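Please look over the sequence and the model shown below.

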Amino acid sequence: MFFITNGCVMRFGSYSVLPGFGPTLGFSLLYLGVLVLLPLSALVLFAVNNLTLAEFWQVIGSPRVLASFRLSFGAALVAALLNALFGLILAWVLVRYTFPGRRLVDALIDLPFAMPTAVSGIALCAIFAPNGWIGQWVAPFGIELAYNPIGVVIALTFIGLPFVVRTLQPVLREAETEQEEAAASLGADRWQTFIRVLWPTLVPALLTGFALAFARAVGEYGSVIFIAGNLPMVSEIAPLMIMSHLEEYDYAGASAIAVVMLLISFILLLLINKLQAWSWARIGGSRI
């Protein structure tokens, strides 16, 4: 197909509002390199140039640092799984049902995005601390929701929920209800319709939301330090250990911990992205 613009005949498929492939790709790589790759490379080079291999292992192999790694990644995983489950339910309700106050509830989803992390931490303490609104009712039963790993999971779940909901909502809006009605007309119950019709479409978006929530939770600091209690070997997160080394002017030790967190996060996100790509390919193959 051809069309005329400014007196020139151009093929429809070759015209683009933006510049060509070369300039846009070059600018994209430059932008990505300056904002992402350059700082990360500087972090790795700083750790390599200021620490020997033995010193590096000594820093990351200390009991407190290992405990902080276990808590950070373990709590982030639990929080991301909780958000994947309840975020799916919440997104389903907001998309598929109409009820009074739905717009308000939908707007509240973005509240963890807008609130400063320190404000989030203070608010969570006011609710879940032993003298808080909810904590005071469960404290007599020996249940503590703050100043321990449970408090860390609560904070990470709070800041990660919007990622899952906002990722699933567009997919649920685009899902054709006719397919669900056809499945029901063929005798499928609600559970079979969800598993065989909706679930394959939702899996890639759910994995994306899970990955975003997990990545956000691993690096969270402000909302966690207030509710965690920061007890050594119990509720110290890895970002707190980095800050502790920085306060002691041990920049090399802080960079060593940061490099390990960067490496583990990159590997986990790479695996999740591979799983997501496999899910999309499976959906495309099933549709063909």
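His245 sits in helix H12, where helices (DSSP runs of H or I, at least four residues) and strands (runs of E, at least two) are numbered from the N terminus. The model is a predicted one, in which local features need pLDDT of at least 70 and side-chain atom pairs count only at pLDDT 80 or more, while totals for chains, interfaces and linings use all residues. Residues are numbered from 1 along each chain as its sequence is written, and side-chain values use heavy atoms, with hydrogens and water left out.

Because its relative accessible area is 14%, His245 counts as buried; buried means under 20% relative accessible area, exposed over 50%, and partly exposed in between, with a 1.4 Å probe and protein chains only. Once its neighbours within four places in sequence are set aside, His245 is in contact with Asp250, Gly253, Ala254 and Ile257, contact being heavy atoms within 4.5 Å.

Helix H12 (residues 238–247) itself packs against helix H3 (residues 63–96) at an angle of about 145 degrees, with the axes 8 Å apart. Here axes are lines fitted to C-alpha atoms, for helices over the stretch in contact, and angles run from 0 to 180 degrees between N-to-C directions. From H3, Arg64, Val65, Ser68, Phe69 and Ser72 meet Ala238, Pro239 and Met241 of H12. By class, this contact of H3 with H12 has five nonpolar, two polar and one charged residues, where Ala, Val, Leu, Ile, Met, Phe, Trp, Tyr, Cys and Pro count as nonpolar, Asp, Glu, Lys and Arg as charged, and the others, Gly among them, as polar.

Not counting residues up to four places away in sequence, Leu198 touches Trp92, Arg96, Ala175, Glu180 and Thr193. Leu198 and Leu172 are 26 residues apart in sequence, and their C-alpha atoms are 8.7 Å apart in space.

Leu32, by contrast, is in helix H1 (residues 21–50) and is classed as partly exposed because its relative accessibility is 41%.

For the protein as a whole, the secondary structure comes to 13 helices and two strands, and buried residues make up 36% of its 288 residues. Among contacts with a separation of 6 or more, 72% are accounted for by residues 24 or more positions apart.
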